[in-house]
Amino acid sequence: MADEANRQFAGLSDTAGEEDEFSTLDEPVKETILRDLRAVGSKFIHVLYPKRSSVLLRDWDLWGPLLLCVTLALLLQGGAADKEDQGGPQFAEVFVIVWFGSIIITLNSKLLGGTISFFQSLCVLGYCIMPLTAAMAVCRIVLVGGSGTVSFIVRLVVVTASFGWSTFASTAFLADNQPPGRKSLVVYPVFLFYFVIGWMVLTFSPSQ
Amino acid sequence: MADDTEDVELDFAADEQERARRSAVIRHPLASFFHLFFRVVAIVAYLLCDWISENFASCFVLIITLLSFDFWSVKNVTGRLLVGLRWWNQIDDDGKSLWVFEAKKASRDNNIGTEAEARIFWLGLIICPLIWICFFFTSLFSLKIKWLSLVVASISLQAANLYGYLRCKAVGEDGQHADSFTGQHLLQRPDIIFGIL
């Protein structure tokens, strides 16, 4: 039983096997870190090609969402909105919106009778922010070139495409766990969530 | 005869090492150090953030990074080495989420930490969240709302480990749920924390 348990888990957990075989910290820690990194990397790839697979669901971890959230928040720095306040409210805003929004969506899907667990849902929603983060990076590059109409149209197209990609990827994982009549009830908060993030990305304007 | 003497000397050396290991005050100095290192540095960074950098964002990222490393190392490494406790979450084949809390039985052969290490472990685990809760109230009453988000994130990271290890300790003290396959005490319930997780 213990072996089975050891074989199954991954993600934010330690190496399989007995506990008392390692007397130095080096061996197990390096292995664990590498394994966790590989798990995070494979999840990113699964967001790029969303298809119904168990990787994001079974071995959840929250490192990817944390990294994406920090990256998105840092990319949203330096805007015209927060010139007097050193980027304070905007930075914490991104964190609060992403994490609080994910928690609300998860509660919603659980109350509607979904079978997915709390952290699995947070994991999926967090990883599917990746297209929008990439769009933010692209937008900042485009804005370096100028902020006229052409730049706006380019940014609009990029943000819309990545918003669609994020929503599609996450509903591919989330909606399957719901009873048939409830799929749209679960999907629309996800739609709103990525819409708000997409809005933040699109309306970003660099300070002069 | 010379061979016999050599053999006997080797045994003494191994015995000496074993005795030294068992009577050491701290068996895992590196683990003990890192258990406290990230937590204390995060608290110090929060207190000194005005001097470190004027940018709120860099301070936020620094503290969250330190606390993430702390969470990972306490959960995966130091708990296992210092007090022989472990907890994790696994997903069944049918998608059910299972929280597992494990406590290793103390025996002469294994390498669990000494009393001093156990004290370091639990003191570090309990005092730091209490300090962050104090920070919560100071930032709330001084109306520095943007710091509140950071403090809430820190409290959740630290409290998660504290809660997990308290559950493991309860398993260890329970003692009656020994698994039939191994000597370890393994308590597995399709348990749901607070009814949702």
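In the predicted model described here, residues 152-174 of chain A are 100% helix and 0% strand, with end C-alpha atoms 32 Å apart, where helices (H or I, at least four residues) and strands (E, at least two) are DSSP runs numbered from the N terminus. The span 124-146 of chain A is 83% helix and 0% strand, and its end C-alpha atoms lie 35 Å apart. Both spans are among those that an unreviewed UniProt entry lists under the feature "transmembrane region"; such positions are given in the numbering used here, feature names are shortened, and annotations may be inferred rather than shown by experiment. Residues are numbered from 1 along each chain as its sequence is written, and chains are lettered from A and ligands numbered from 1 in the order in which they are written. Because the model is predicted, local features need pLDDT of at least 70 and side-chain atom pairs count only at pLDDT 80 or more, whereas totals for chains, interfaces and linings use all residues, and side-chain values use heavy atoms, with hydrogens and water left out.

Chain B contains five helices and three strands, which follow the order α-α-α-β-β-α-α-β along the sequence. Of its 197 residues, 46% are buried, that is, under 20% relative accessible area, with exposed meaning over 50% and partly exposed in between (1.4 Å probe, protein chains only). Helix H2 (residues 29-52) of chain B has 24 residues, yet its end C-alpha atoms are only 29 Å apart, short of the 34 Å that a straight helix would reach at 1.5 Å a residue. This helix bends by about 50° at B:Tyr46, the bend being the angle between axes fitted to the seven residues ending there and the seven starting there. The buried residues of H2(B), including B:Arg39 and B:Tyr46, pack against helices H3 (56-83), H4 (115-141) and H5 (145-174) of chain B.

Over all chains, the structure holds four salt bridges, each a side-chain nitrogen of Lys or Arg within 4 Å of a carboxyl oxygen of Asp or Glu. In one of them, B:Asp70 pairs with B:Arg39, the closest N and O atoms being 2.8 Å apart; B:Asp70 lies in helix H3 and B:Arg39 in helix H2 of chain B, so the pair ties together parts that are 31 residues apart in sequence. B:Asp70 counts as buried at 1% relative accessibility, and B:Arg39 counts as buried at 1%. A salt bridge also joins the side chains of B:Arg86 and B:Glu102 (3.0 Å, N to O), linking strand S1 (residues 85-91) with strand S2 (residues 97-103) of chain B.

Note on methods:
Expected span 1.5 Å × (residues − 1). Contact = heavy atoms within 4.5 Å.
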